[in-house]
Amino acid sequence: LERIDRNAHAQARLVQDLLDVSRITSGKLMLDIREMDLATVALNAIDACRPAAEARQVSLMAAFSGAYPTMGDPDRLQQVLWNLITNAVRFTPSNGSVTVSIARTRESDTVEVRDTGAGIEPQFIPFMFEPFRQADAASTRAHGGLGLGLTIVRRHTEMHGGTVWVASDGAGKGATLTVTL
């Protein structure tokens, strides 16, 4: 029953991702911009990802404290962070770690998701945010998904006037994905 429930949730997420990409492409996705706390949004995303991290024996940490009031769509930003954290957990081996941090400057807020996982080959980095692109596109690849999560991350971030980028020293050396709003 747990496996059926988990797979039903995964399938619902895939359908939602497809619908979001369709809404984004057609220009029908609207943001509900309001005052929000970026720390609360990040903590909600972390809490939603914690069961998967625990199941994989991956340490999931929040490296921030206090409030970060800002303007944004909390649901869409939580979706951004959920996608980033989920990917980090998925590609991090047991006993690895994923750390979410927030920093504020006068001009922007930056959320960083850093993992000790599989890392990313330098030649793939320019293609990471393209729809349906995956570093391992083989039909027998070990990780699920359609390759839409990072496309959604980029589009939602850009709709907020922000940017997203990735850094990795290569395979086996982890990755850092950074969203600046």
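**Figure 1. Helix H4 and its buried residues.** In this predicted model, helix H4 buries Gly149, Leu150, Thr151, Ile152, Val153, His156 and Thr157. If you follow the chain past the end of H4, you come to Gly161, which has a positive phi near 80°. Which residues of H4 touch helix H3? The next view takes up that question.

**Figure 2. Helix H3 against helix H4.** Two packed helices are described by the angle between their axes and the distance between the axes. For H3 and H4 (residues 149-159), the angle is about 145° and the axes lie 9 Å apart. The crossing of H3 past H4 is left-handed. On the H4 side, the contact is made by Gly149, Leu150, Ile152, Val153, His156 and Thr157. On the H3 side, look for Arg76, Gln79, Val80, Asn83, Leu84 and Asn87. Sorted by class, the residues of this contact come to 5 nonpolar, 6 polar and 1 charged.

**Figure 3. Helix H2 against helix H3.** H3 also packs with H2, here at an angle of about 35° and with the axes 8 Å apart. The crossing of H2 past H3 is right-handed. H2 brings Val41, Ala42, Asn44, Ala45, Ile46, Ala48, Cys49, Ala52 and Ala53 to the contact. From H3 come Pro74, Leu77, Gln78, Leu81, Trp82, Ile85, Thr86 and Val89. How many nonpolar, polar and charged residues does the contact of H2 with H3 have? There are 14 nonpolar and 3 polar residues, and no charged ones. As you compare the lists, keep in mind that an α-helix has 3.6 residues a turn, so residues three or four places apart point the same way.

Figure 4. Leu77 sits in helix H3. Is Leu77 buried or exposed? Its relative accessibility is 4%, so Leu77 counts as buried. Apart from neighbours within four places in sequence, Leu77 is in contact with Met36, Val41, Gly72, His160 and Leu181.

**Figure 5. The largest nonpolar core.** In soluble globular proteins, nonpolar side chains tend to be buried together. The largest nonpolar core of this model contains 37 residues. Phe64, Leu81, Leu84, Ile85, Ile102, Met128 and Leu177 are the residues with the most contacts inside this core. Which elements give two or more residues to the core? They are the helices H2, H3 and H4, together with the strands E4, E5 (109-115), E6 (163-167) and E7 (175-180). Setting aside neighbours within four places in sequence, Leu81 is in contact with Val41, Ala42, Ala45 and Val111.

Figure 6. Asn95 and Gly96 both belong to the loop between H3 and E4. Asn95 has a positive phi of about 70°, although it is not a glycine. Asn95 has a relative accessible area of 70%, so it is exposed. Gly96, by contrast, is buried, with a relative accessible area of 10%. Beyond residues up to four places away in sequence, Gly96 touches Gln57, Val58, Ser59 and Thr116. Gly96 and Gly117 are 21 residues apart in sequence, and their C-alpha atoms are 6.8 Å apart in space. Next comes Ser97, which lies in strand E4. With a relative accessibility of 18%, Ser97 counts as buried because the cut-off is under 20%. Not counting residues up to four places away, Ser97 touches Val58, Ser59, Met61, Thr92, Arg114, Asp115 and Thr116.

**Figure 7. Gln57 in the loop between H2 and E2.** Gln57, one of the residues touched by Gly96, is in the loop between helix H2 (38-55) and strand E2 (59-63). Gln57 is not a glycine, yet it has a positive phi of about 60°.

**Figure 8. Stepping back to the whole protein.** The protein has 4 helices and 7 strands. Read from the N terminus, their order is α-β-α-β-β-α-β-β-α-β-β. Of the 181 residues, 41% are buried. Among contacts with a separation of 6 or more, 71% join residues 24 or more positions apart. The protein exposes about 10,000 Å², and 54% of that comes from carbon and sulfur atoms.

Notes. Residues are numbered from 1 along each chain as its sequence is written. Side-chain values use heavy atoms; hydrogens and water are left out. Buried means under 20% relative accessible area, exposed over 50%, partly exposed in between (1.4 Å probe, protein chains only). Contact means heavy atoms within 4.5 Å. Accessible areas come from the Shrake-Rupley method with a 1.4 Å probe; for residues, only the protein chains shown count as cover. Axes are lines fitted to C-alpha atoms, for helices over the stretch in contact, and angles run from 0 to 180 degrees between N-to-C directions. A crossing is left-handed if the near helix is turned anticlockwise from the far one by less than a right angle, and right-handed if clockwise. Ala, Val, Leu, Ile, Met, Phe, Trp, Tyr, Cys and Pro count as nonpolar, Asp, Glu, Lys and Arg as charged, and the others, Gly among them, as polar. A nonpolar core is a set of buried Ala, Val, Leu, Ile, Met, Phe, Trp, Tyr and Cys residues joined through side-chain atoms within 4.5 Å.
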